[in-house]
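Subject: Handover of a structure and its findings

Dear colleague,

Please find the sequence and the structure below. A summary of the findings follows them.

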Amino acid sequence: MAQKREFDIIVFGATGYTGHYVVETLAKSEEAAKYRWAVAGRSILKLRKTLDDVGLLIGRNLRTMTAIKADVEDEASLNAMAKRTRLVINTVGPFIQYGEAVVRCCVENGTAHLDTSGEQYYIERMQLKYHTRAGETGAFIVGGSSFASVPVDIGVDLMKSKFDGRLAQIENILRIKPGSQGYRFNVGTFSSMIHMMANMLLYRKQRHALMPDFDSLPAQPFVSSRKLPLYKQKQLNCWCLLSNEGDKQVVDRTQYSEHRRNGDVPVLYEQSIGFKSLLVPLGLVFWAIGVFILSQVGVTRRFMETFPRLCSFGMFSASGPTRQQAAEARFTHWFFGRGWGKADASNPTGPPNKKIIMRCDGPGTQPFMFFLPTSHLLFDTFKRDIDFLVICF
Ligand SMILES: NC(=O)c1ccc[n+]([C@@H]2O[C@H](COP(=O)([O-])OP(=O)(O)OC[C@H]3O[C@@H](n4cnc5c(N)ncnc54)[C@H](OP(=O)(O)O)[C@@H]3O)[C@@H](O)[C@H]2O)c1
């Protein structure tokens, strides 16, 4: 990794909703004060306004910070940006649309790149296209470093390490708890979701290219996949909608590489979103089918991105959640695991006989970052905002 550069970190897309929070977090963090960092985006005027707004919010003058003009439509500006820093934190999405040029420039310049993408088609395409070259130039390229998919990827890993024996199956359930004023997501996430759906069919093919033998990996005995996409979860007393997209692909890739490295048999991992009322997941299914159909055509895709609130019944909006909504919202990832104790681990003769339950709690779903994967690679660990708790064995 590049050692001597003008900056340690450049936040690209600082003017956006997520970028704004990244800037705020860095500006407030004592740990980040050790690093030289700057902001980048396509408008210097907007970058200056972001610095002023964040400065006002945290009571610090950020006017002396460097603002760098860089536009994804202008590769020379991206190259110039990548040359000046050790790490680019990229929040310019949808990544399927805007991400590749930034990755390419970082790879060519040996610059580490961390993004907030949850778009698996994009993340895996970058891996397929740039993995070898990134190895040659020493650039770390890390996708999905946000709410999607850090808590789940770390959670599965942690659960495996805490389980005394052989873990066979994990059921992950995400519960989101809005605050007193409810919650809505920013349009950037909606745009990414639309572009992900538009590429869903291509994604299946691409995945095969990345992990050709994935479907023939050894499986855990005596456990099977959930048959129904909607089910009642007794322990949490909620309705769960199976959502084996996004985080699950990250867990799959981690398990795939662990199998290739150590011969580990993958754990059967499934994930759902939990709701109090049955009506919500039923409504979501119909809405998601509608968005999927409309995402296949350019005109309707643009219509949905232009009118997010109308097309999502108020779930997404161009102004994102208010600060109060963001501050009050909480999430919990529940992990229910089953497996065998040490005595049966090597040769289980019946269904799993040992359980583990773990929960991971954290703030909101968007306005915070987990720098864990890259911070381990690059710097000292940033302070975590999330707590993992093993509840019972
Ligand atoms: N994985 C997760 O959990 C997670 C969480 C939050 C967000 N995200 C993802 O992060 C991305 C950003 O979301 P957001 O809500 O922050 O979106 P946003 O508010 O719309 O911000 C988009 C940013 O991209 C910039 N941009 C657009 N076109 C550009 C160009 N040609 N050159 C340079 N910059 C350009 C915008 O700059 P201007 O201000 O100049 O328009 C803005 O700074 C989305 O893909 C979203 O899905 C993921």
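This is a predicted model: local features need pLDDT of at least 70, side-chain atom pairs count only at pLDDT 80 or more; totals for chains, interfaces and linings use all residues.

**Helix H2**

Which residues of H2 are buried? They are Leu47, Thr50, Leu51 and Val54. These four lie on the same side of H2, because they cover an arc of only 95° around the axis.

The length of H2 can also be checked. The helix runs over residues 44-58 and has 15 residues, so at 1.5 Å a residue it should span 21 Å. Its end C-alpha atoms are 21 Å apart, which agrees.

**The shell around the ligand**

There are 30 residues around the ligand, and those that come nearest are Gly16, Thr18, Gly93, Gly188 and Ser192. Which of the elements gives the most? It is H7, with four residues.

By class, 17 residues of the shell are polar, nine are nonpolar and four are charged. Both domain 1 (7-142) and domain 2 (150-366) contribute to the shell, each with at least three residues.

**Backbone features**

- One joins glycine 93 and proline 94, with omega at about 0°. Proline 94 is placed in the loop between strand S4 (85-90) and H4.
- Another joins alanine 148 and serine 149, with omega at about 10°. Serine 149 belongs to the loop between strand S6 (141-142) and helix H6 (150-162).

Two residues other than glycine have a positive phi:

- Phenylalanine 222 has a phi of about 65° and lies in the loop between helix H8 (200-210) and strand S9 (230-233). This residue counts as partly exposed, because it has 14 C-beta neighbours inside 10 Å, where a residue counts as exposed at 12 or fewer and as buried at 20 or more.
- Asparagine 237 has a phi near 50° and sits in the loop between S9 and strand S10 (238-242). Is asparagine 237 buried or exposed? With 9 C-beta neighbours inside 10 Å, asparagine 237 counts as exposed.

**An annotated span**

An unreviewed UniProt entry places the feature "transmembrane region" at residues 278-299. In the model, this span is 82% helix and 0% strand, and the end C-alpha atoms of residues 278-299 lie 33 Å apart.

Yours sincerely,

A colleague

Definitions and conventions: Residues are numbered from 1 along each chain as its sequence is written. A residue is near a molecule or strand if its C-beta atom, placed from the backbone, lies within 6 Å of it. Ala, Val, Leu, Ile, Met, Phe, Trp, Tyr, Cys and Pro count as nonpolar, Asp, Glu, Lys and Arg as charged, and the others, Gly among them, as polar. Domain bounds come from an automatic or database domain assignment. UniProt positions are given in the numbering used here, feature names are shortened, and annotations may be inferred rather than shown by experiment. The expected span of a helix is 1.5 Å times one less than its number of residues. The arc is that of the directions from the helix axis to the C-beta atoms.
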